[in-house]
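Keep the picture open beside you as you read.

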Amino acid sequence: MAVRDPRSAPAHVLIVGGGGTGGALAHDLALRGLKVTLVERGEFTSGTTGRHHGLLHSGARYAVNDHESAVECIQENTLLRRIAPGSFEENDGLFVAITDEDMEFLPPFLAGCEASGIPAQPLTAAEALRLEPLLNPTLRAAVRVPDATMDAMRMPLRFFASARANGAELLNHLEVTGVLQQGGVVGGVAYRDHVNGRDGQIRADLVVNASGPWSEQVATMAGVDVPIRPSPGVMVALRGRLCNMVVNRLHASGDGDILVPQRGLTVVGTSSWVVTDPDDLTIPPDHVQRMEDEGSKLIPAVRDAPVRATWSAARPLIGSRDQADSGRELSRTFETIDHAVVDGVEGFVTITGGKATTLRGMAEHCADVVCRKLDVQEPCRTRDTVLLPHTAYYAA
Amino acid sequence: MSATAQTRRFRVYRYAREDGPARFDEFDVPAAEAGTVLEGLRWIEVHGDPSLAIRHSCFHASCGTCGVRVNGREGLACVTPVDTDTVTVEPVANIPVLADLVVDMRAFVDRYPPQHPLLRDSEARPEADVPEGIDAYERFEDCIECGLCLSACPIAATDDRYVGPAALAWAQRVLEEPRGADVDAILAWADDEHGAWQCHAAFQCTEACPSEVFPAQRIMKLRRELTKRRLSGSSPSS
């Protein structure tokens, strides 16, 4: 790669993918003074980001089996509340034990929370029922943790709004059709603009692939492989707010064991399987039934609540294709892949894995790699920069 | 030719700026892939025509991006079932179209006074306690800024300066729960010939609202408050 003169114009980074990760990365790089262009084939947050559960994780879900994800979650949970006030319901979460087996999970759960720095307050059954009267009355115990409800679209939209205000160019309905490459060096992308039907090219010093479960497809255009496993989960939105707090089952992560109140709805999720095409949104009918069965163990009223919507979203889990089939065994942490190191292709970086709660941290990690490659010395500033409101995204 | 028992005929509004006037394209979508209008549109995007421009995000009536008109009626595509053989899908009315079913939401947001809040008190069940350390539950506003009320409003079709149902319902929400907001300034903003007084009480907005905001009822309450203030001589605009 040609050495850039640092006195010349700022380096130009092109981000492929307008989900939460791409938006947060655009914000981070714009704050560091880089020229940023972000392209997205549809509307921003139309892929996995907008379709997630709407849960700001405390990390407690991962406290026993995925320490790294648990620590990432509690750190970003604390930080996001500071930089995006108003984007979260201040409602906390409960982990509810119902069976003997759940009760056996309680001590390692509390130990895991402590080891990960997650505040966890044990409650008696009576205390939990006072907070959430519709809980299964046979519950044995509960633990209160700092989970919260988030607006799955408007929270990430604040990163887009802030990035744009700092000069980033954000282009939606613009689909990448090819990655420009010469002599093992990526130098931009070819695209089709779906708004005016035109084809074109955008040159850049570096291209970041932030396309979530589609990142394997984008990587293939650059002739490299990304070990991604698109792992969808089914969610069911019920009419009525059956709880005010996030309600989780206190056990090793399973299906249908999280209830998230959102506006006048309660969202029950989720399941996990693995697909090859992240655009395949087919919902296995038995998964919807499982949401009702498992969800009603936490709050019996789940069974009688009318269904508002059912849908699925593909998580971009990291893992090779020969790993187990459900996707549950894969870590929820993230990875930045410098394809110069892994595949000998310069100017191309993939950020993938992770979850909505850790979008800012993922962006910081990836931006550090990008800046090192481009010889940019600016530090990350996103930890202390309060984001613009989501409505600023629509400002002219 | 008509849709078969196994397919649904989607007639979709198409418009691209450099592509001449708007037209309708037809797609036969497998009925099993089109439980909702959004599922049908996504099927068209993936299997029929990737250039179809649509907005969507949450798939469960919580984000407000997929508002369209289906067979002439406003609805969120994600929760509008496909229950006719032919399904005509058009963008919402009274907001400028950018491409196909995508409208320019800047024209919607611009109708609000700047800096409107997103959170309000929870509609918590009264028997529930609030955990220690939390003063009161806060929850997201019911309004999801989808624009369906504006699309359905007969007045917005004739007066493009009318601020419209969503913004007026927002103003009434602030009156109900000011949280330190400048109530007089908001009342002065609403007390305008293109504001609360322009509503003709058609109640189409409330019928179109997918999120139980009841904008028409709120506009009526707002007008009562404005009238009360006028009669008591404390009109914000006097």
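The peptide bond between A:G269 and A:T270 is cis, with omega at about -5 degrees. Most residues other than glycine have a negative phi, and most peptide bonds are trans.

Before going further, here is how to read the names and values. Residues count from 1 along each chain as its sequence is written, while chains are lettered from A and ligands numbered from 1 in the order in which they are written. The model is predicted, and local features need pLDDT of at least 70, side-chain atom pairs count only at pLDDT 80 or more, and totals for chains, interfaces and linings use all residues.

**Chain A as a whole**

Chain A contains nine helices and 20 strands. Its radius of gyration, taken over C-alpha atoms, is 21 Å, close to the 21 Å that the globule rule gives for 396 residues, so chain A is as compact as a globular protein of that length. That rule is 2.2 Å times the number of residues to the power 0.38. Along the principal axes, the C-alpha trace of chain A spans about 65 × 40 × 40 Å.

How much of chain A is buried? Of its 396 residues, 60% are buried. Buried means that 20 or more other C-beta atoms lie within 10 Å of the residue's own; exposed means 12 or fewer, partly exposed is in between, and the C-beta atoms are placed from the backbone. Two residues are in contact when their C-beta atoms, placed from the backbone, lie within 7 Å. Of the contacts in chain A between residues at least 6 apart in sequence, 74% join residues at least 24 apart.

In soluble globular proteins, nonpolar side chains tend to be buried together. A nonpolar core is a set of buried Ala, Val, Leu, Ile, Met, Phe, Trp, Tyr and Cys residues joined through C-beta atoms within 7 Å. The largest such core has 188 residues, and A:V13, A:L25, A:V96 and A:V208 touch the most other members. The most residues in this core from one element come from α9(A), which gives eight. Leaving aside residues up to four places away in sequence, A:V13 touches several residues, including A:L29, A:V36, A:V208 and A:V370.

**A covered helix and an uncovered strand**

Why is α5(A) described as largely enclosed by the rest of the structure? Eleven of its twelve residues are buried, so the helix is largely enclosed. Among those buried are A:M155, A:L157, A:F159 and A:F160. The buried residues of α5(A) pack against α1 (20-31), β2 (35-39), β8 (148-150), β9 (169-171) and α9 (359-374) of chain A. At 1.5 Å a residue, the twelve residues of α5 (154-165) should span 16 Å, and the end C-alpha atoms are 16 Å apart, which agrees. The expected span is 1.5 Å times one less than the number of residues.

A:D193 stands opposite A:R198 in β12(A). The two strands form a hairpin with four residues between them.

**Residues with a positive phi**

| Residue | Phi |
|---|---|
| A:G167 | near 100 degrees |
| A:G197 | about 75 degrees |
| A:D375 | about 60 degrees |
| B:A201 | near 55 degrees |

A:G167 follows α5(A), whereas A:D375 lies in the segment after α9 of chain A. With 10 C-beta neighbours inside 10 Å, A:D375 counts as exposed. B:A201 is in the loop between α5 (183-190) and α6 (204-208) of chain B, and B:A201 is exposed too, with 10 other C-beta atoms within 10 Å.

Chain B has seven helices and nine strands. Its C-alpha trace spans about 65 × 45 × 30 Å along the principal axes, and 45% of its 238 residues are buried.

Where the chains meet, 47 residues come from chain B and 42 residues from chain A. On the chain B side, α1 (37-48), β6 (97-99), α2 (106-109) and β9 (138-140) each supply at least two residues. The most comes from β9(B), with three residues. This side of chain B divides into 24 nonpolar, nine polar and 14 charged residues. Ala, Val, Leu, Ile, Met, Phe, Trp, Tyr, Cys and Pro count as nonpolar, Asp, Glu, Lys and Arg as charged, and the others, Gly among them, as polar.

Methods:
Two strands pair if DSSP finds at least two bridges between them.
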